[in-house]
Structures are given as C-alpha cells and as structure tokens.
Amino acid sequence: MSDGQRSPTTDGQIVVTGLTKQYKNVRAVNNLSFTVEPGRVTGFLGPNGAGKTTTLRMLLNLVTPTGGTATISGARYADLSEPLRHVGAVLEASSAHKGRTGINHLRVICAAAGLPKQRADEALALVGLSPAAKRKFKGYSLGMKQRLGIAAAMLGDPRVLILDEPANGLDPEGIRWMRGFLKNLAQEGRTVLVSSHLLSEMQLLADDVVIIAAGQLVRQGPVDQVIGSMAQSARVRVRTPQADALATALKGQSAVVDTDEHGTLLVAGVDAPTVGRTALAAGIELHELTTERPDLEGVFLELTAGKAGIR
Ligand SMILES: Nc1ncnc2c1ncn2[C@@H]1O[C@H](COP(=O)(O)OP(=O)(O)OP(=O)(O)O)[C@@H](O)[C@H]1O
C-alpha cells in the first residue's frame with residue numbers, strides 16, 4: 001500500500017510481521033511480529049544483542065530484511081512519500097559537523113528535505129536548545145547532542161518517533177526531561193517507540209512494552225499486564241496477630257502461604273481482596289494487607305532467562 005492509500009485505521013501504527021534478519025552466522029532477528037499503537041509510548045526491551053537495533057534499522061529501511069515485513073501506517077518506510085514528515089528517528093547520539101552551530105545543522109537538514117527553514121528554530125525550541133542555537137556542535141554536551149538529534153527527528157513534525165536508547169549517557173535531569181518530552185508526544189497522539197535496556201526507566205516511561213530476546217518476541221502488552229501476567233507476579237503481604245489461623249483458612253482457598261522471619265505471611269495464588277474476605281469471614285484481625293508486584297527488572301530477567309546470549 002502506498003503512502004497516499006493509507007487507511008485511517010492504520011495511521012501511526014507500526015506493524016512488524018515475521019521479520020527476520022540472517023547475517024552470515026547470526027540470526028539477529030528471528031520471525032518477529034509485534035504492533036505499536038499511536039498515542040502510547042512503547043518500550044522495546046531486550047538484553048544486549050537481542051536484535052533491537054537491527055529491528056529498528058529494518059523498520060527504517062537501513063537494513064534489508066531476510067524475511068517478513070515492517071510497516072508504518074500501512075506502508076513500508078521506503079514507500080512513504082515524505083518519510084521525514086511521517087517518521088522521525090534517533091538511532092544514535094547526533095553527529096554533526098563539529099564547527100557547525102546547532103541551528104545551522106538543522107537548517108541544512110531542512111534544506112535537504114525540502115522543509116521550511118523556520119522548522120529549524122521551532123524544533124530547537126521544542127527541545128529547549130534555543131539558548132545554544134548559535135553555539136558550535138563541538139561544544140555541546142552529550143545531553144545537548146541527544147536533544148539536537150531529537151530536534152532533527154522532529155523537523156518534519158512526524159506522526160511517528162523511533163528512538164534507539166535515547167537515555168544513554170544522560171544525567172538524571174536529562175532523563176527526566178526525555179521522559180516528559182516523549183510522554184507529551186504520545187499524549188498528542190503520536191506513536192513513540194523507544195528501545196532501551198534501562199528497564200526501570202521503561203517502567204516510568206512506557207505504556208506498552210515489547211520484550212525480545214535472541215531475536216524473538218518474548219512478551220508484548222501494556223506494562224502492567226506484562227508484569228501482572230507473570231505466574232509469580234503478585235504476592236500479598238499480610239500481618240496479623242492470628243497468622244496460623246489465617247494461613248490455615250487461606251490454604252483452604254488453594255493459596256500458597258509462606259511466612260517470613262517476622263511472622264509476616266506472604267501469600268501467592270490469591271489476590272488481596274480474597275485474603276481480606278477470608279480474614280473477615282474467619283473473624284481474623286489484619287494489621288497490614290499489601291499487594292507486592294515485582295518490578296519490570298524482575299519480570300524481564302525471568303522472561304529472558306537463558307536467552308540473553310553472548311552471541
Ligand atoms: N552488520 C552485522 N553483521 C553481523 N552481525 C550483526 C550485524 N549487526 C548486528 N549483528 C548481530 O546481530 C545480533 C543483534 O544485534 P543488535 O545490535 O540488533 O542487538 P541489540 O538488541 O540492539 O543489542 P545492544 O543492546 O547490545 O545494542 C548481535 O548478535 C549482533 O552481533
């Protein structure tokens with residue numbers, strides 16, 4: 001389907017179907033399928049060498065797939081009539097001519113892409129770099145270079161933004177800025193696909209996650225659902241002066257009950273409301289009832305265990 005024939009239902013959607021990349025000895029991406037929806041930040045997660053960069057490069061027509069397809073708004077990147085107006089990408093920290101100022105770097109891209117010159121000023125303002133517009137690139141910090149890369153990606157006011165490890169090398173303030181910036185783009189209805197190995201960061205940033213390992217899909221879905229779908233995902237912490245009685249009552253509900261060194265019950269297999277109701281029915285007093293979920297890090301390690309390869 002060409003850019004002009006895009007269906008409104010697929011606008012901004014990224015669809016990866018059976019995508020495969022075989023290098024000489026390495027199958028970097030192996031029959032990978034997932035979708036990325038507009039209006040959401042999607043975290044693309046995987047251990048080192050999982051195939052994230054190769055996948056993003058195939059999406060952007062920088063690497064030719066061995067098999068399968070990757071489309072953006074129903075079209076392959078190569079078939080988009082004005083790719084920069086449709087897709088912005090930041091694949092690595094921005095590189096630019098060292099002696100060129102930030103604003104001139106962006107103006108050169110505008111000229112090459114047939115975009116109006118004032119977009120350079122607008123994009124620079126968008127990433128908070130206007131005060132450094134006339135400073136030379138060689139004097140930019142890593143954080144400023146990252147922002148300039150994002151400004152370049154935003155020149156065409158794209159519907160879809162694709163970023164490979166954008167938080168790399170940023171300080172905490174830079175990471176906080178990036179998080180707010182990307183969430184805001186998603187709120188505007190844009191599609192934001194961000195690869196990262198910073199799992200804790202994704203938990204704060206992403207609405208959805210696509211987790212891959214060894215080139216294959218491990219799990220995809222809303223962050224909360226992916227965490228919640230783990231067999232051992234939720235445990236309920238219960239403190240009660242009648243621990244033995246409650247443990248007995250819960251075992252009748254096919255819960256698995258452990259006790260820690262302080263006598264606190266750790267209950268798996270039933271949710272907190274069930275524990276509360278069971279306690280109430282048995283006339284047991286509760287001092288604490290807390291649902292404990294593993295963080296994304298724990299889920300990720302469990303999901304990709306054994307697949308994270310030195311490949
Ligand atoms: N041009 C290439 N030629 C041969 N093998 C390659 C090439 N590019 C990537 N690979 C291999 O493909 C696999 C996937 O690499 P890729 O860079 O896509 O993973 P990644 O998930 O982005 O990893 P990282 O987080 O370390 O960047 C790795 O084993 C890598 O060595």
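**View 1. An open, three-stranded sheet with strand order 2-1-4 and antiparallel pairing.** Strand 2 (27-36) and strand 4 (67-72) form its edges, each pairing on one side only.

**View 2. Pairing of strand 1 with strand 4 in the predicted model.** Strand 1 (residues 14-22) and strand 4 run antiparallel and are joined by five bridges. Strands of a sheet pair through backbone hydrogen bonds, in either a parallel or an antiparallel manner.

**View 3. Helix 1 on the sheet.** Helix 1 (residues 52-59) packs on the sheet and touches strand 1, strand 2 and strand 4. The direction of helix 1 makes about 115° with that of strand 1.

**View 4. Packing of helix 3 against helix 5.** Helix 3 (residues 102-113) and helix 5 (residues 142-154) pack at an angle of about 30°, and their axes lie 10 Å apart. Because angles under 35 degrees count as roughly parallel, helix 3 is described as roughly parallel to helix 5. The two helices, helix 3 and helix 5, cross in a right-handed sense.

**View 5. Residues in the contact of helix 3 with helix 5.** Helix 3 contributes Gly102, His105, Leu106 and Ile109, while helix 5 contributes Leu148, Ala151 and Ala152. Sorted by class, this contact of helix 3 with helix 5 comprises five nonpolar and two polar residues, with no charged residues.

Definitions and conventions
Residues numbered from 1 in each chain as written. Predicted model: local features only at pLDDT ≥ 70, side-chain atom pairs only at ≥ 80, totals over all residues. Axes fitted to C-alpha atoms, helices over the stretch in contact; angles between N-to-C directions. Helix = DSSP H or I, 4+ residues; strand = E, 2+ residues; numbered from the N terminus. Parallel < 35°, antiparallel > 145°, perpendicular 65-115°, else oblique. Left-handed = near helix turned anticlockwise from the far one by under 90°. Contact = placed C-beta atoms within 7 Å. Nonpolar A, V, L, I, M, F, W, Y, C, P; charged D, E, K, R; others polar. Pairing = 2+ DSSP bridges.
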